[in-house]
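User: Hi, I have a structure open and would like to talk it through with you. Could you take my questions one at a time?

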Amino acid sequence: MIIGNKEFDLDNKFYIMGILNVTPDSFSDGGKFNDMDHALKQTEKMIADGADLIDVGGESTRPNHIKISVEEEIERVCPIIEAIKKRFDIPISLDTYKSEVAKAGIASGADLLNDIWGLKWDGTMAKVVADTGVACCLMHNRKEPVYHDFVKDMVMDLQESVEIALAAGIQKDRIILDPGIGFAKDLEQNLLAMKHLQDIQQLGYPVLLATSRKSMIGLTLDLPVTEREEGTMATSVLGRMAGCCMFRVHDVQSNLRALRMTEAILKA
C-alpha cells in the first residue's frame, strides 16, 4: 500500500503510527501538544524513536468528550499538518469522522484518513476518500453497544464499512481495518476483541491496532493513564502475533522494541 510517498508492505512487515493529539482535552496527553512548537517537537521525537506515520487528531474521542465545530477542528489540524509536511518526510494520518475536516486536511497534506466511525457517521466521507485517493482506516464503532453475538457482530459491522467504501469507489488496496478497542465496548468485549483479532483478518484487509493507554488496560491492571505503557506493549505483541500490521501508539520506542522482539521470534 502506498501512503503518501512511502510504500508499506503490510503483508510482511509491521509499522508504527505515532499519536499526535492537538487537543486540550485528550484522555492521555490533552494540552501537551496543542501548540505548534510542542507539536513539532513531539513529531520530531516520535520520528527519531521510529514512527513510520504520524496520526494527527484535533478532537478528543475519549468517553464523554466535548464535540467541537468543523471550523475549530480544521483550525487545529490543518496548520499542524502543513508544518509537519514542510519539515519532515513522513506520511500523515488525519483522525476525523467529518468530511469537511477530511477535505481540508487532505488539501493540507494528509495521506490517510482515520475514521472512528468507519464511514458511517458522515454520509459524504466515503466519497471524499474515493475522490482524493487517500488511504483510509475504518474503525469498528456503534452508536448503541448492544450485541447479539459480540465477535460476529463486530466483524459484520466492519464488513459493512468495507462495503460502504467499495460502493463509493474506494480501491480495495486503500483500506485498513481497526477493531476499535475502547469504542462501544465494555471491558470484557474489549478483551474479546483482542482475543479474536484473527477473525477480523479473515475479511482480507490489513488491520491496525490502537490500544495505547486505553481504559481496557487501566481497568485490567488498575492503573492510571500515565502508567499503562507495559500493558500497551503486551497488546502490541499479541496484536502482531495475530497478524496486525500497524500499531497506533503514544510510546513509539518501547512498542517498537517489543514488536521487533516479537517479529524476530515469529520469523525464527
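User: Let's start with Phe 247: is it buried or exposed?
Analyst: In this model, which is a predicted one, Phe 247 is buried, because its relative accessible area is 1%, and the cut-off for buried is under 20%.

User: And which residue does Phe 247 form an aromatic pair with?
Analyst: The structure holds five aromatic pairs. In one of them Phe 247 is joined with Phe 14 in an edge-to-face arrangement, with 6.4 Å from centre to centre and 80° between the planes.

User: Where do Phe 14 and Phe 247 lie along the chain?
Analyst: Phe 14 sits in the loop between strand S2 (6–7) and strand S3 (15–21), while Phe 247 belongs to strand S10 (residues 246–249), so this pair ties together parts that are 233 residues apart in sequence. Phe 14 is buried as well, with a relative accessible area of 13%.

User: Which residues do ring pairs link into a cluster?
Analyst: Ring pairs link Tyr 97, Trp 117 and Trp 121 into a cluster. Trp 117 also turns up in the surroundings of Arg 142, as one of the residues that Arg 142 touches.

User: OK, what else does Arg 142 touch?
Analyst: Leaving aside residues up to four places away in sequence, Arg 142 touches Trp 117, Tyr 147, Asp 153, Met 156, Asp 157 and Ala 184. Arg 142 itself is found in the loop between S7 and H5.

User: Where is Ala 48, then?
Analyst: Ala 48 lies in helix H1, which covers residues 36–49, and it counts as exposed because its relative accessibility is 68%, with the cut-off for exposed at over 50%.

User: Back to Ala 184 for a second, what is its phi?
Analyst: The phi of Ala 184 is near 55°, which is a positive value in a residue other than glycine. Ala 184 has its place in the loop between strand S8 (175–178) and helix H6 (187–195), and it is buried, with a relative accessible area of 17%.

User: What about Asp 222, what is its phi?
Analyst: Asp 222 is not a glycine either, and its phi is positive, at about 55°. This residue is found in the loop between helix H8 (215–221) and helix H9 (229–241), where Asp 222 counts as exposed at 69% relative accessibility.

User: Changing topic: what does Ile 175 touch?
Analyst: Not counting residues up to four places away in sequence, Ile 175 touches Met 1, Cys 136, Leu 138, Ala 165, Leu 166, Ile 170, Tyr 205 and Pro 206. Ile 175 is found in strand S8 and is buried, with a relative accessible area of 0%.

User: And how far apart are Ile 175 and Pro 206?
Analyst: They are 31 residues apart in sequence, and their C-alpha atoms are 7.5 Å apart in space. For another pair, Asp 149 and Ala 167, the separation in sequence is 18 residues and the C-alpha to C-alpha distance is 26 Å.

User: Where does Asp 149 lie?
Analyst: Asp 149 lies in the loop between strand S7 (135–139) and helix H5 (150–168), and it is partly exposed, with a relative accessible area of 33%.

User: Now the whole chain: how many helices and strands does it have?
Analyst: The chain has ten helices and ten strands. Its C-alpha atoms fill a box of roughly 40 × 40 × 40 Å, taken along the principal axes.

Key: Residues numbered from 1 in each chain as written. Predicted model: local features only at pLDDT ≥ 70, side-chain atom pairs only at ≥ 80, totals over all residues. Heavy atoms only, no water. Helix = DSSP H or I, 4+ residues; strand = E, 2+ residues; numbered from the N terminus. Phe/Tyr/Trp six-rings, centres within 6.5 Å; stacked < 30°, edge-to-face > 60°. Buried < 20%, exposed > 50% of the residue type's maximum accessible area, 1.4 Å probe, protein only. Contact = heavy atoms within 4.5 Å.
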